[in-house]
Amino acid sequence: MAEDGQARARIAAAGDVHMRPGLERRFGDQLEELDGAADLLLVAGDLTATGAIDEGEALARALRRAPIAVVAVLGNHDCNLDHHAEIAALLEHAGVHVLGRGRTHYVLPGGSVGVAGTKGFVGGFRESRLPDFGEPLLRQVYAATGEEVRGLSKGLREIAGCPYRVVLLHYAPTTSTLVGERPPIWTYLGCERLAGPIVRHKPDLVLHGHAHAGTFEGRIGAVPVYNVAWPLLGGGFAVWDLAAPDGPRRAEVMPTAAAASARR
């Protein structure tokens, strides 16, 4: 409960943790600092460094220390060695809700929050868009992105009745949060097709990672979009109050003592 007596629905977010064995203690320390600062943590993919099983085990050990509920999506790093199903199972066993073209909801002090999440995929933007034409392998890429888009749309429909609705992705749905990355690689950082369900359903907030050198804040129409890749956050967490009277109110990015200590 805030000092003004109004209940808050506070979510924290980060992405691109890139966990390796040996880093789990520091990350666990950082997670513990969320106690009292947020009610729900969303992790936007690239949970592991290379997608190895021991990295997933290290991350699971760290996330068991989280003082709040955790929702995550996978990223391209987590799929690198084709152990993504095993990594997801390790995290689920640790109490993390891993979304793959799905949705979930939580009752927070300020109201029910629905989260629609999926990894997303590549495909490009504007003139760099990958078409559904030509060589079969490229058309398979186009089709895979289409599955992600349909999964996101379904998830948003299923949380339509929640007072607050958040989209969690790894790949970017807009170029507004890619500025800072080299334009020639934008095709591999996301796809504008992911924006379709966002435009139609108008969630309160969209979060993604993947673009380490991108821009923190952008928009799709009137919907705020944030790139929460850890390199942009400096090893901290971004926190929003979804129950703020004028819409999702972002607190300053919350640095953690553990991250500051590691930089010294």
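Is Phe27 buried or exposed, and what is its relative accessible area? In this predicted model, Phe27 is buried, and its relative accessible area comes to 3%.

**Phe27 and Trp230**

- The ring centres of Phe27 and Trp230 are 5.4 Å apart and their planes stand at 80 degrees, so this pair is classed as edge-to-face, for which the angle must be over 60 degrees.
- Because Phe27 belongs to helix α1 (residues 24–32) and Trp230 to helix α6 (residues 230–233), the pair ties together parts that are 203 residues apart in sequence.

**Phe216 and Tyr226**

- The rings of Phe216 and Tyr226 have centres 5.1 Å apart, and with their planes at 55 degrees the pair is therefore tilted.
- Phe216 sits in the loop between β8 (205–208) and β9 (217–220), while Tyr226 is part of strand β10 (residues 223–227), so the pair ties together parts that are 10 residues apart in sequence.
- Phe216 has a relative accessibility of 17% and counts as buried because the cut-off for that class is under 20%, and Tyr226 is buried with a relative accessible area of 5%.

**A charge over a ring**

- Arg193 lies over the face of Tyr142, at a distance of 3.6 Å from the ring centre.

Terms used. Residues are numbered from 1 along each chain as its sequence is written. This is a predicted model: local features need pLDDT of at least 70, side-chain atom pairs count only at pLDDT 80 or more; totals for chains, interfaces and linings use all residues. Side-chain values use heavy atoms; hydrogens and water are left out. Rings of Phe, Tyr and Trp (its six-membered ring) pair if their centres lie within 6.5 Å; planes under 30 degrees apart count as stacked, over 60 as edge-to-face and the rest as tilted. Helices (H or I, at least four residues) and strands (E, at least two) are DSSP runs, numbered from the N terminus. Buried means under 20% relative accessible area, exposed over 50%, partly exposed in between (1.4 Å probe, protein chains only). A charge sits over a ring if NZ of Lys or CZ of Arg is within 6 Å of the ring centre and within 35 degrees of the ring normal.
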